[in-house]
Amino acid sequence: MFIGGYVSSAGLGLSCPDWPLCPNGIMPDEEYLIEWTHRFVAATTGALIVATAIGVWLNKQSDRKIKITGTLAAILVVTQVTLGALVIDLKLHAVLVAIHLGIGILLFAMTLLTVLFAFRMGKAVIPART
């Protein structure tokens with residue numbers, strides 16, 4: 001969210017007009033570096049969130065709460081990527097930019113809750129020392 005906020009406030013949202021890659025492919029020129037970094041961090045984070053959701057469902061000890069928040073986070077990250085592509089395609093339409101930010105906040109909340117539930121689950125498994 002920090003990098004996306006910087007890209008937006010600095011007016012660099014359309015500095016890299018192609019999606020998903022910038023001109024010159026995977027490694028962009030210096031002029032596209034900030035927007036490329038935003039996309040790279042978002043893609044990495046998205047992959048980790050989806051992997052977490054899969055891991056939660058594969059773990060038989062996972063609580064219902066962590067399954068719900070992990071799944072919602074995975075759904076929201078796919079939505080966020082789709083909205084990001086639409087924001088670029090529609091040249092930073094204000095309503096879509098606002099929705100993109102709102103989904104980002106919800107995504108952060110679901111990810112945070114997933115982490116908190118995971119730590120709570122980890123503490124429940126560890127027996128207390130006497």
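Buried means under 20% relative accessible area, exposed over 50%, and partly exposed in between, with a 1.4 Å probe and protein chains only. This is a predicted model, where local features need pLDDT of at least 70, side-chain atom pairs count only at pLDDT 80 or more, and totals for chains, interfaces and linings use all residues. Residues are numbered from 1 along each chain as its sequence is written, and side-chain values use heavy atoms, with hydrogens and water left out.

**The aromatic pair**

Rings of Phe, Tyr and Trp (its six-membered ring) pair if their centres lie within 6.5 Å; planes under 30 degrees apart are stacked, over 60 edge-to-face, the rest tilted. The count comes to one aromatic pair. The ring centres of Trp36 and Phe40 are 5.4 Å apart and their planes are at 10°, so this pair is stacked. Trp36 and Phe40 are four residues apart in helix H2, about one helical turn. Helices (H or I, at least four residues) and strands (E, at least two) are DSSP runs, numbered from the N terminus.

**Accessibility**

| Residue | Relative accessibility | Class |
|---|---|---|
| Trp36 | 18% | Trp36 is buried |
| Phe40 | 48% | Phe40 is partly exposed |
| Gln80 | 15% | Gln80 is buried |

**Gln80**

Gln80 lies in helix H3 (residues 64-89). Leaving aside neighbours within four places in sequence, Gln80 is in contact (heavy atoms within 4.5 Å) with His100, Ile103 and Gly104. Gln80 and Gly46 are 34 residues apart in sequence and 9.0 Å apart in space, C-alpha to C-alpha.
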